[in-house]
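Hi,

Here is the model I promised to pass on.

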Amino acid sequence: MVRTEAFPSVAITGTADLWCTYAAIRTLTWLGRLDDAPGRADSADYLRARRNADGGYAWSRGMPSDAWATFYCAASLAALGETLPDSDRTAAWVRGTWSDSSAGAAYAMMPGQAPDVWATHFSTRTAIELCGDDVPDRDRLLAWLAALQTADGGLSWSPEHGDADVRACYYGVAAWRALNTELPWDVPALVAWLRRQQVAGGGFRFGPDAQVPCLWATYRAVGALAMLGAAPAGDCVTWILGRLGDGGFTRWDGYPVADVWAAFSAVGALRDLGGVPHDVADAVVAALAGMACPGGGYTYREPELAADALRVAAGALSSAPDDPGLPRMRRWLEACQLPNEGGLMYMPGRGAEIRCTLWALAAGAFPDDGPSRQAIRDWLARLQNPDGGFGYWHGRGSDLVSTASAVEIARLLDGTVDTGRLAAFVRRCATDDGHGNVPGAPATLRAGLHAARVLGGPTPRVVAELLARHRVRGGGWANQGNRLPDLLSTYEAVATADRFGIPVEGVDAFLARTATPAGASWSPLDPGDSDPLAGCLHRLLRKRFVDPSCELPALTLS
């Protein structure tokens, strides 16, 4: 399905995003125009602020380190001419994500997860290109990369997945290129598979099941072919240049907004197809300047228009049923459904993400749209990983946050997931005293609550004991221990207790301590600027304790 309506006006965030920042800096670097970037020092500060004590980097401050955030931050800092802080520690964190597989060994997105080609691409390049390190075992990594090749010639997300995608091809080939060694694949078969993904108009699709060509797929296919010393079978440049409008490039037909990812993809592909015309480069530089945020970093379009799915969903969930703005917010969310994946994007123009899809459905998107609801069910079925769990997006390693989101999406859509495989993944996340978000991770309250909601089988007594271990005497619940309560853990504690029929009380004091003039803070100890997501969860909790019959949606974030 391709939605052609313009995005209706909704609440705006205008804050910088890591993926957008990397895409803008990378694009300007390719064009030799990084000196034209506004606020370079502020952008460097924005990137450094995502560094964690373990040496890795996170999507946003306070979140755990992962491979993609680490690569994006390190690569962007290097492009800006900045020294990578304590690169040895970053290299050590990357080594900690090395993971064994029946087909060899590769990198996981974070310690404890199964290896996937997204993470392997990011971490191989971080280690070799940015930290001056090497991979732990080249032979085993090459064996793992070789096992990505499917029977039809393409590369998949992992040896266990089996479905080829041009993105997986690009990431696998780029990891090989960083190793600077012999090719591990049947190259003619791989080139032939990539060329078959080009459609009649000149653009590329993600794979045989994708309906609509887009710039992201085109860049990944063209880039993979170029690294293999090949090129598309037909003209591609005309199609790419046809995506350029007054405000910049757009990703696919029917999608009306020029964004940073389209610019990144178009410039990346054109570089491999003979070069970027000067007038196109000037247009891209001008468009990116309009996407820079005042405090450093970039968002996906003009900051004053840059809403995202989580915050729009939070606005809808916080609104009264008769709020005149509610239908507009739901239409905006519905316009975020991707044509080739079925799920909803975090920011328009980027890939489908499982938490955003859950929040949008909980906010009332697609109430009577049968085809769109079925598209999400189909996407969800494809998203389940071979280990039984779910990741944030297609091909990413499993974790309990995403797996709990998937189960709740299925519940909201009257759909099903493979419960036997789910249970197997949850068992792998079990610890001596609960559950961790990924196998081998320390036990936390929220991971335990996610496991309970996924399985649906623990007795209320087991859940009540988990809640009691993390209950804070002064009110609320803590994710670790029982001393520092936070709003997300408290929300999930109450939502899960309600699901299991466990009475809860004494939350009023915590809600009072996290209330702010503009909404709510995540913690009583951090009464900073209000986050719309925190404000949403706070309002839903207040409503629940005014009206105990109010059912809290089982929302997840981390």
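A polar atom in the side chain of Ser 523 sits 3.0 Å from the backbone nitrogen of Leu 525. That makes it a polar contact (N or O atoms within 3.5 Å; within protein, one must be able to donate a hydrogen and the other to accept it, and residues adjacent in sequence count only if both atoms are side-chain atoms). Ser 523 is in the loop between strand 8 and helix 23; helices (H or I, at least four residues) and strands (E, at least two) are DSSP runs, numbered from the N terminus. With a relative accessible area of 16%, Ser 523 is buried, where buried means under 20% relative accessible area, exposed over 50% and partly exposed in between (1.4 Å probe, protein chains only). Leaving out residues up to four places away in sequence, Ser 523 touches Pro 485 and Thr 514, contact meaning heavy atoms within 4.5 Å.

Before you read on, note that this is a predicted model: local features need pLDDT of at least 70, side-chain atom pairs count only at pLDDT 80 or more, and totals for chains, interfaces and linings use all residues. Residues are numbered from 1 along each chain as its sequence is written, and side-chain values use heavy atoms, with hydrogens and water left out.

Asp 531 belongs to the loop between strand 8 (519-520) and helix 23 (532-546). Its side chain reaches the backbone nitrogen of Leu 533 at 2.7 Å. Not counting residues up to four places away in sequence, Asp 531 touches Arg 311, Ala 520 and Trp 522. Gly 62 lies in the loop between helix 2 (40-48) and helix 3 (67-79), and it counts as exposed because its relative accessibility is 77%.

What does its side chain make a polar contact with? The partner is the side chain of Arg 544, at 2.7 Å. Neighbours within four places in sequence aside, Asp 498 is in contact with Arg 544 and Leu 552. Asp 498 counts as partly exposed, at 28% relative accessibility. Its C-alpha atom and that of Pro 548, 50 residues apart along the chain, are separated by 9.3 Å.

In helix 4 (residues 87-95), Thr 90, Ala 91, Trp 93 and Val 94 are buried. Seen down the axis of helix 4, these buried residues fall within an arc of 160 degrees, so they line one face of the helix; the arc is that of the directions from the helix axis to the C-beta atoms. Their cover includes helix 3, strand 1 (98-101), strand 2 (104-107) and helix 5 (117-130). In helix 14 (residues 326-334), the buried residues are Leu 326, Met 329, Trp 332, Leu 333 and Glu 334, and what covers them includes helix 13 (309-318) and helix 15 (354-362).

The search used a 1 Å grid over the protein atoms alone: a cavity is a set of points where a 1.4 Å probe fits but cannot get out, a pocket is an open set with protein on both sides within 12 Å along at least five of seven lines, and lining residues have an atom within 4 Å of a point. Grid points are joined across faces, edges and corners, and a volume is the space filled by probe spheres set on the points.

How many cavities of 30 Å³ or more turn up in the whole structure? The search finds 3. About 50 Å³ of space lies in the second largest cavity, and its lining includes Trp 19, Trp 216 and Arg 251. Helix 11 (residues 260-272) gives the most to that lining, with 3 residues.

Last, two backbone angles. Most residues other than glycine have a negative phi. Phe 366 has a positive phi, near 55 degrees; it lies in the loop between helix 15 and helix 16 and is buried, with a relative accessible area of 1%. Asp 414 also has a positive phi, of about 55 degrees. Asp 414 is in the loop between helix 17 (400-412) and helix 18 (419-428) and counts as exposed at 70% relative accessibility.

Cheers
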